[in-house]
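Here are a few notes to read alongside the model. Keep the viewer open and look up each residue as you go.

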Amino acid sequence: MRLPIPWKKRRLSPFSCTNHLLFSSSNPTRLITMLSSPPPPPSSNSLASTHLQSSPQNHQLTSILDQCKTMKELKQIHSQMIRTGLIRSPLERRRLLSFCCTHQSGDMDYARLLFDEIPNPDLFDWNSMIRGHSNRHSPDAAVLVYVEMLARGFVPDDYTLPFLLKAFTRDAAVGLGDELHAHALKFGLSSNAHVRNALIRMYSTSGEIDTARELFERSSKRDAVMWNAMISGYNRSKQFVESLKLFEGMVQATVTPTPVTYILVLSACARLKDLEYGARIHGIIKESRMLPNSKLENVLIDMYAECGDMDEAWRLFEGMKVQDVISWTAVVAGFANSGEIDRARMLFDRMPERDSVSWTAMIDGYVQASRFKEALEVFRAMQFANVRPDEFTMVGVLTACAQLGALGVGEWIRVYMERNKIKIDIFVGNALIDMYSKCGSVERALEIFNLMHRRDKFTWTAIIMGLAVNGCEEEALDLFSKMLGTSVRPDEITYIGVLSACTHAGLVEEGRELFSSMINMHGIMPNVTHYGCLVDLLGRAGHLREALETINNMPMKPNSTVWGALLGACRIHRDVEMAELAAKHLLELEPENSAAYMLLSNIYAKCHKWDEVRKVRQMIMDRGIRKTPGCSLIEVNGEVHEFVAGDRSHPGSDEIYSKLEEMSKELKCAGYVPDTSEVFLDVGEEEKENAIYWHSEKLAIAFGLISSQSGVAIRVVKNLRMCFDCHSAIKFVSQVYSREIVVRDRTRFHHFRGGLCSCNDYW
DNA sequence: GTAGGGTTAG
């Protein structure tokens with residue numbers, strides 16, 4: 001007999017359907033109430049229900065439940081069970097509940113409704129509910145059920161804690177881990193291997209890897225799974241050397257590694273970029289004749305790719321029977337990281353399927369290759385492809401925004417994250433701070449900083465650095481002392497932030513003190529970059545002699561940054577003699593450094609040493625040095641526009657140039673005098689004026705004035721240091737057009753407002 | 001009658 005399936009057409013669902021055979025009410029509360037009362041008896045026969053439960057019809061219902069795939073089908077079956085009375089069988093009810101708790105498409109709200117219908121739920125039912133919440137990654141809900149279960153007098157068994165602990169995220173583990181461990185002891189479950197492994201996992205999730213290790217050490221019997229759990233814990237804590245040590249311990253203890261062991265160990269090798277160890281493991285796997293396993297193959301590909309052996313990674317990839325999205329992503333990321341970004345892109349375009357990890361890998365590839373605009377384009381394509389970005393994606397995209405100074409896109413990302421409930425974890429938070437800082441929006445950077453409840457040294461360093469380069473030096477130093485009051489220790493990068501705060505504010509004494517506190521208080525040995533900061537600090541403040549002495553007394557060989565800092569200081573203080581010395585050293589180190597020639601010739605030009613200017617220019621010609629072209633970026637309506645000096649490639653060029661002309665007139669009326677002292681060309685005054693007139697930042701600002709509403713700040717990112725003339729011209733623009741203008745140049749930010757600059761002309 | 005360890009990215 002074939003069971004008619006009328007419910008397929010009638011959409012019977014006891015909890016959610018309207019126009020229902022059984023329930024005509026559309027009020028869900030009423031439906032639930034009705035459900036809790038026994039269904040109408042099928043006949044007046046008192047034996048009817050027993051009869052029904054074993055009827056062929058019900059038998060068929062049961063077997064349909066086995067094939068059930070979706071909640072919709074489940075609800076139909078459920079309706080039918082109510083109609084036939086089968087629902088009164090505890091076994092069948094439990095099967096419905098099981099589906100909701102274990103199936104991929106299971107619905108825990110529905111599970112709860114079913115659960116509440118069970119007159120006397122037993123431990124199995126409670127475990128199912130906890131397991132269901134775990135599967136849905138809802139630790140809070142799982143804990144609530146567990147608490148309820150205890151309150152109703154149940155005692156957890158071997159299954160309860162593993163199910164519960166599996167849901168635990170870091171926060172849950174930190175908050176409740178110890179208590180649950182205590183429960184395991186109290187209820188005599190701690191010797192169970194499943195419970196122990198769950199606890200090991202939980203402790204390593206909460207960062208208490210040593211407690212996990214203690215549990216591991218105190219276990220009398222350690223099977224391969226327990227070794228794996230412990231190795232996995234070290235991987236999770238990023239202690240990859242420990243992972244490998246433990247693996248060796250496992251081999252010594254003659255426990256046979258499983259495929260999972262090798263996956264874990266190879267993953268550790270990949271992170272350590274230990275090709276030799278990884279290849280050795282590969283050899284062992286080959287010898288062991290382990291069955292082909294796609295996860296193992298993927299991690300092998302990844303290991304070779306991470307270690308830079310793309311030939312081997314590619315060979316393995318091609319040798320795979322079926323490459324899945326992870327295999328593809330591993331080779332795409334591998335090529336991107338080894339500098340073959342275009343090859344990575346070609347493969348990426350050929351991928352049969354792309355998930356958020358693949359898209360993120362491609363975005364990160366472009367970021368690493370400094371091709372930030374392409375990174376944003378890929379992100380756009382990702383949205384177009386309807387793939388949901390996650391925290392990892394956001395970090396890559398925000399980094400691209402930061403580099404481009406694309407505040408608009410960055411802001412958009414933040415709103416997007418809010419709307420799509422992408423959480424601001426510590427990585428995203430740090431990236432947001434960095435983005436806002438690099439886009440010149442310190443207020444927003446501080447806002448993010450203040451709402452982050454966990455802060456690591458990168459968080460502090462990002463905000464300190466952000467404040468330092470944006471003209472908020474006092475605040476930067478203030479936050480640095482706050483940081484010292486926390487458990488987070490500054491590192492060498494943090495010190496670069498505080499030292500540059502001192503440099504920009506001209507706080508020589510504070511800078512000197514911080515420099516020594518770095519060594520005395522935190523045991524951080526200053527590296528060549530710190531000396532560069534110190535030289536910069538002293539030099540800018542006019543202590544050129546002391547700066548030179550610092551260089552001469554450095555414990556290491558000064559690099560180009562150090563000599564560059566001195567040369568920059570000579571430019572400010574017009575010291576030709578020392579400039580020559582600094583330039584000589586700098587060019588010995590980097591004969592191709594075009595900025596050095598520029599600085600030197602600028603200094604000569606400023607001091608009217610035209611013969612010398614000519615000599616430098618000759619040198620540049622003879623040596624075939626190419627000046628890095630000045631380039632300015634400005635973002636308008638989510639699109640980044642790029643300008644180089646004298647650029648006419650922009651579609652709105654005509655308009656931009658006429659705006660520029662208008663600006664020039666207005667500025668001159670307001671008292672602006674072009675400063676051609678840094679013009680490198682040996683030409684007449686008029687041509688010199690033209691040369692600076694066309695500087696890329698001026699083009700970008702003219703474009704900004706045309707294409708944005710009045711009152712909106714104009715933000716420009718420049719790849720080189722701003723020249724004196726642009727700096728003075730922009731001050732006038734900010735006054736004449738009543739606009740806030742923010743320019744990020746190579747070394748810092750300039751916030752122009754009402755004719756003044758935040759750098760106080762000290763840069 | 002339910003379980004344990006696993007691959008990709010910041």
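1. Some ground rules. This is a predicted model, where local features need pLDDT of at least 70, side-chain atom pairs count only at pLDDT 80 or more, and totals for chains, interfaces and linings use all residues. Residues are numbered from 1 along each chain as its sequence is written, chains are lettered from A and ligands numbered from 1 in the order in which they are written, and side-chain values use heavy atoms, with hydrogens and water left out.

2. Start with the DNA. There are 42 residues around DNA strand B, and F124, R131, N228, S232 and T258 come nearest; being near means having a heavy atom within 4 Å of the strand. The residues of this surface split into 16 nonpolar, eleven polar and 15 charged. In that tally, Ala, Val, Leu, Ile, Met, Phe, Trp, Tyr, Cys and Pro are nonpolar, Asp, Glu, Lys and Arg are charged, and the others, Gly among them, are polar.

3. Which part of the DNA faces the protein? Look at S232: an N or O atom in its side chain is 2.5 Å from a phosphate oxygen. R94 has a polar side-chain atom 3.4 Å from a base nitrogen, and the side chain of Y159 has an N or O atom 3.4 Å from a base nitrogen. For a polar contact, the N or O atoms must be within 3.5 Å.

4. Now find strand β1, residues 631–636: six of its six residues are buried, meaning under 20% relative accessible area (1.4 Å probe, protein chains only). Strands here are DSSP runs of E, at least two residues long, numbered from the N terminus. In a regular strand, side chains alternate between the two faces of the sheet. In β1, C631, L633 and E635 point one way, and S632, I634 and V636 the other.

5. What does β1 pair with? Six bridges join β1 to β2 (residues 639–644), and the two run antiparallel; pairing takes at least two DSSP bridges. E635 stands opposite V640. The two strands form a hairpin with two residues between them, and N637 in the turn has a positive phi of about 50°. Strand β3 (residues 714–718) is also antiparallel to β1, through three bridges, with V716 as the bridge partner of I634.

Key
Polar contact = N/O pair within 3.5 Å; in protein donor to acceptor, adjacent residues only side chain to side chain. Buried < 20%, exposed > 50% of the residue type's maximum accessible area, 1.4 Å probe, protein only. Helix = DSSP H or I, 4+ residues; strand = E, 2+ residues; numbered from the N terminus.
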